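The sequence and the structure are shown first.

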Amino acid sequence: PFTAPELPDGVINLSDPDARVMRTQGTPPRQAYNAQTSVNEQQVILAAEITIDAGDFGHLEPMLDSTLAQMERHGVSEQPEVVLADAGYWHTRQIQSIAERGIEVLVPPDGTMRDGIRPGWEHGFFDVMRQKLLTDHGRQLYAKRKITVEPVYGQIKHNRHIDRFMRRG
């Protein structure tokens, strides 16, 4: 029979038990949440969600649905023409589902942290997206990501110094 240990293995966060250990390149692991946002071309945040999942995988379609719900709540019925996301959001089924709605999706299958192509991601839909991103149209659209969502996070984190929240008691 199993005998429970006197003390469980691991560390418990007493001030915020919902937070999870997040690892980010270049920083030590820390208790945190993962913020998801969608913005328009004018850098206006259309929707924001907080998750306890360390990665962005699987959050593309839920964020689009959240964005559309927020826009509808405020009387905007137009759908976005294009969804841009970084490689961490790659989720084949979700990308295809969004494209079936008539919305163009541009997500690179390969991140900048990886040398070369991911093993097993050489052909099919992965190559279609790579080719789409290499066209002039794809390159111009995807370049907008740098001037829409990235500055929003820069403003929040660096200019406003909102890089952590603490909950006491």
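## A buried loop residue

His91 is located in the loop that runs between strand E5 (82-84) and helix H2 (92-100); helices (H or I, at least four residues) and strands (E, at least two) are DSSP runs, numbered from the N terminus. With a relative accessibility of 14%, His91 counts as buried; buried means under 20% relative accessible area, exposed over 50%, and partly exposed in between (1.4 Å probe, protein chains only). Apart from its neighbours within four places in sequence, His91 is in contact (heavy atoms within 4.5 Å) with Phe57 and Gly58.

The model is predicted: local features need pLDDT of at least 70 and side-chain atom pairs count only at pLDDT 80 or more, whereas totals for chains, interfaces and linings use all residues. Residues are numbered from 1 along each chain as its sequence is written, and side-chain values use heavy atoms, with hydrogens and water left out.

## Packing of H2 and H3

The axes of H2 and helix H3 (residues 125-134) come within 12 Å and cross at roughly 60 degrees. Axes are lines fitted to C-alpha atoms, for helices over the stretch in contact, and angles run from 0 to 180 degrees between N-to-C directions. H2 is therefore oblique to H3; angles under 35 degrees count as roughly parallel, over 145 as roughly antiparallel, 65 to 115 as roughly perpendicular and the rest as oblique.

Thr92, Ile95 and Gln96 of H2 make the contact with Phe125, Phe126 and Met129 of H3. These residues divide into 4 nonpolar, 2 polar and no charged. Here Ala, Val, Leu, Ile, Met, Phe, Trp, Tyr, Cys and Pro count as nonpolar, Asp, Glu, Lys and Arg as charged, and the others, Gly among them, as polar.

## Salt bridges

The whole structure holds 9 salt bridges, each a side-chain nitrogen of Lys or Arg within 4 Å of a carboxyl oxygen of Asp or Glu. One of them joins Lys144 to Glu41, with the closest N and O atoms 3.5 Å apart. This pair links distant parts of the chain, 103 residues apart: Lys144 is in helix H4 (residues 136-159), and Glu41 is in the loop between strand E3 (34-39) and strand E4 (45-51). Lys144 is partly exposed at 32%, whereas Glu41 is exposed at 55%.

Asp65 and Arg101 also meet in a salt bridge (2.7 Å, N to O). Glu61, Asp65, Arg93 and Arg101 are linked in a network of salt bridges.
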